[in-house]
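Biologist: I have a model open and want to learn how to read its contacts. Where do we begin?

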Amino acid sequence: AAKPGGKAAEDWIRESAKANEKSLKAIAEGMLGRTVSKETGAMLLRESNRALESEAAALTAILKAAAQAAVNAFFGSLMSALSAALKIAL
């Protein structure tokens, strides 16, 4: 039950890392080449930081949902097994 959420989290991390690497590299190169001012570069880095924080919050939600699905599946299986073993409805 947790596998789809875990896979989604892995994919998200990979895609985010690639996108952020390109963005941060472009900002750094622009600042080094003086095509981007220090002020603009700092603002762009702050924006990137906010984007990363948002992505981390979304990732947390995905992982919580995956963990909840795993717990629900475990307890469902456990209750079903106990119900069958004890021959009672739980």
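Modeller: With a definition. A polar contact is a pair of N or O atoms within 3.5 Å, where one must be able to donate a hydrogen and the other to accept it. Keep in mind that this is a predicted model.

Biologist: Which side chain makes a polar contact with the side chain of N20?

Modeller: That of E55, at 3.4 Å. Leaving out residues up to four places away in sequence, N20 touches L52 and E55.

Biologist: Is N20 buried or exposed?

Modeller: The cut-off for buried is under 20% relative accessible area. N20 has 11% relative accessibility, so it counts as buried. N20 lies in helix α1, residues 3–32.

Biologist: How do α1 and α2 pack?

Modeller: Angles over 145 degrees count as roughly antiparallel. Here the angle is about 175°, and the axes are 10 Å apart. Therefore α1 and α2 are roughly antiparallel to each other. Among the residues making the contact are W12, I13 and N20 of α1, and L52, E55 and L59 of α2. The contact residues divide into 15 nonpolar, seven polar and two charged.

Biologist: Which residues of α2 are buried?

Modeller: G41, S48, L59 and A66. Their cover includes α1.

Biologist: What span should α2 have?

Modeller: The rule is 1.5 Å times one less than the number of residues. With 49 residues, α2 should span 72 Å; its end C-alpha atoms are 71 Å apart, which agrees.

How values were computed: Residues are numbered from 1 along each chain as its sequence is written. This is a predicted model: local features need pLDDT of at least 70, side-chain atom pairs count only at pLDDT 80 or more; totals for chains, interfaces and linings use all residues. Side-chain values use heavy atoms; hydrogens and water are left out. Helices (H or I, at least four residues) and strands (E, at least two) are DSSP runs, numbered from the N terminus. Buried means under 20% relative accessible area, exposed over 50%, partly exposed in between (1.4 Å probe, protein chains only). Contact means heavy atoms within 4.5 Å. Axes are lines fitted to C-alpha atoms, for helices over the stretch in contact, and angles run from 0 to 180 degrees between N-to-C directions. Angles under 35 degrees count as roughly parallel, over 145 as roughly antiparallel, 65 to 115 as roughly perpendicular and the rest as oblique. Ala, Val, Leu, Ile, Met, Phe, Trp, Tyr, Cys and Pro count as nonpolar, Asp, Glu, Lys and Arg as charged, and the others, Gly among them, as polar.
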